[in-house]
There are 2 protein chains.
Amino acid sequence: MIAIVGATGAVGRELLAILADRNHPAERLKLLASARSAGSTLVYEGTSLLVKELKASSFAGIKIAMFAAGSEVSRNFASIATIAGSTVIDNSSVFRMDEGVPLVVPEINITALDDCSHPTIIANPNCSTIIALMAVAPLHRVAGIRRMVVSTYQAASGGGAAMMEELKRQAFDYVESKPLTKSITGRQYLFNLFSHDSAIDESGYNAEEMKLIRETHKILGDDSIAITATCVRVPVLRAHSEAINLTFERPLSADEAREILCAAPGVKVVDDRKANRFPEPLDATGGDDVLVGRIRADISQPPGMGLDLFVCGDQLRKGAALNAIQIAEQLFTRTKTPV
Amino acid sequence: MIAIVGATGAVGRELLAILADRNHPAERLKLLASARSAGSTLVYEGTSLLVKELKASSFAGIKIAMFAAGSEVSRNFASIATIAGSTVIDNSSVFRMDEGVPLVVPEINITALDDCSHPTIIANPNCSTIIALMAVAPLHRVAGIRRMVVSTYQAASGGGAAMMEELKRQAFDYVESKPLTKSITGRQYLFNLFSHDSAIDESGYNAEEMKLIRETHKILGDDSIAITATCVRVPVLRAHSEAINLTFERPLSADEAREILCAAPGVKVVDDRKANRFPEPLDATGGDDVLVGRIRADISQPPGMGLDLFVCGDQLRKGAALNAIQIAEQLFTRTKTPV
């Protein structure tokens, strides 16, 4: 039995869509949400499922509890779920950096599950981190990343379903010459962009940038990698893009990198220089693969020692729901117990 | 007498708007365009001005010819204009890297005008280059830039008025549930982004990126600066944004950088960490200043040796027309002859 906590949110709905793709039976699914959303129904494979209110008693008989309702809910209910015997796969940032909590991208560091003898909480990494590392980790294994400079082009979906709706709403307002609806973003988002709307710490980095830096260290198991990032929201609905500049320990040519990426699971190389076709967020939307292109030797570094890349990945799928489901599937494979 | 070659284009119209702001008299203005646009009229300070067809004979009596009609026209007509005695201020990339052609951002390297005894063609740099260097050059003077990693978020205006129109048109098509108009960009641009649509060379860099690299070397007078760039078009109408990562020769703190930038002409620091307010392209739109923010010490480099910045500038103004007009004003000041 799987519980989805935050079933009515953007990630919750995507979790349901992916479970349906995988033919997970409706009767082995429990949908949970706040009192505000409880009582509504969601259609799952033709069946109307009632969304129940999240309570301390919600987790009896739940094998896997997938949390996608924000940090507050994870902080308050994850340990309750584990005490009830559930394994929590948490999409929030609350537990990610905790020792003993595996932070997992299955294609990259699935062994982190084995390192903890009985993990009760497994953290799903930040979307920008997952999408960047799908391309970076395979190169790291071969050439060793010494430094990363990342600039993101992040979609509205990272701000939740309401931010996506506001971006679309602004297109209608614009066309209808109405004052733009600004209740979520507080600004014109259509035809504009803005620095990621997470809190800035005293170093001047925002929380999204620090997540990308710290989670990369944990997932790659190497705190010595020098990383800086600038995280920006662009008026795109649900796929993140990132320009990534890499410095290597050992030389790696663009051709070698391309070969490695072509063979990497969950990665699709889109790098047609002649046709000028490279990853675009719309092409990544709804898909499972992270698209990688603009693979080229960085001419600002000694030959072979640096590379530039451009990646796009669906923020709600590989950046969140798909990665969480893949973790659940790995747990199932390992424990050989049906969920 | 000033001639505007390409008066009906996006940059041409902006040149007219800025000349009007500066009260340049309508009778000292000649508007030129291709045969296709010739015969139309443009309103300038309440006067209807006829757009004449660009011909070899167009430049008699023209003191300054401002070219904003693309590379082909500059290639074919700039030398004709200089032979007729005009000084050409060229917005295309044709002459930018030619020895003896000053490539000028007035706030940065106005002395380049003096280095050439009688420049007949003065090149206006690429928009992304101007906007980046407005923030970078003042820091370079103090700390010496050793390396730059730039990721751009470029507006539709760089692709011309037709690309801006297509982006707006797509918003209407989207709202009206019509198939999207794709004749200029060949794709959905609304809610999407794509690698800059300029030709890719065999190194894998596109022409826009190489312009940014080479023009920076020429303007800063230092070919040893290591530069890499990833240029991307985002669905924004007319202001470019850039995430810039710098490595210095000599230490410079974020506070020192902020002070330098606060004092730099043509630059406005927008860097409110508490309110999470930083440069946004819409706030740069229609203005003369390049906005600079997210000024922070890069934690991936030794203390003081690196900085991250985010800049926005109006592509049509400081990125093109305003810079060209400022060059013309400097010429006027130097020669003390009225235009």
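These are my notebook entries on a predicted model with chains A and B.

**Entry 1: chain A as a whole**

I started with the secondary structure. Chain A has ten helices and 15 strands. Next I looked up how compact the chain is. Its radius of gyration is 20 Å, close to the 20 Å that the globule rule gives for 339 residues, so chain A is as compact as a globular protein of that length. I then read off the extent of the C-alpha trace. Along the principal axes of chain A, the trace spans about 60 × 60 × 40 Å.

How much of chain A counts as buried? I found 57% of the 339 residues. A residue is buried here if 20 or more other C-beta atoms lie within 10 Å of its own. I also checked contacts along the sequence. Among contacts in chain A with a separation of 6 or more, 65% join residues 24 or more positions apart.

**Entry 2: the domains of chain A**

I looked up the division next. Domain 1 covers 2-125 + 320-335, and domain 2 covers 128-314. Domain 1 is therefore written as two stretches of chain A, by the automatic or database assignment of its bounds. The centres of the two domains are 25 Å apart, taken over C-alpha atoms.

I went on to the contact between them. Domain 1 of chain A puts in 13 residues, and domain 2 of chain A puts in 17 residues. On the domain 1 side, α3 (106-109) and α10 (317-335) of chain A each supply at least two residues. Which element gives the most to that side? It is α3(A), with three residues. I sorted the domain 1 side by class and noted seven nonpolar, four polar and two charged residues.

**Entry 3: chain A against chain B**

I compared the two copies. Chain A can be laid on chain B with an RMSD of 0.0 Å, by a turn of 180° and a shift of 0.0 Å along the axis. I noted this as the relation of a two-fold axis.

Then I turned to where the chains touch. The contact takes 45 residues from chain A and 45 residues from chain B. Several elements of chain A each supply at least two residues to its side, including the helices α6 (161-175) and α9 (281-284). Strands are there too, among them β8 (145-153), β12 (239-248), β14 (290-297) and β15 (306-314). By class, I noted 25 nonpolar, twelve polar and eight charged residues on the chain A side.

Why do I say that the copies meet through the same surface? Because 100% of the interface residues of chain A are also interface residues in chain B.

Notes. Residues numbered from 1 in each chain as written. Chains lettered and ligands numbered in written order. Predicted model: local features only at pLDDT ≥ 70, side-chain atom pairs only at ≥ 80, totals over all residues. Helix = DSSP H or I, 4+ residues; strand = E, 2+ residues; numbered from the N terminus. Rg over C-alpha atoms; globule rule 2.2 N^0.38 Å. Buried ≥ 20, exposed ≤ 12 C-beta atoms within 10 Å, placed from the backbone. Contact = placed C-beta atoms within 7 Å. Least-squares fit on C-alpha atoms with pLDDT ≥ 70 in both. Nonpolar A, V, L, I, M, F, W, Y, C, P; charged D, E, K, R; others polar.
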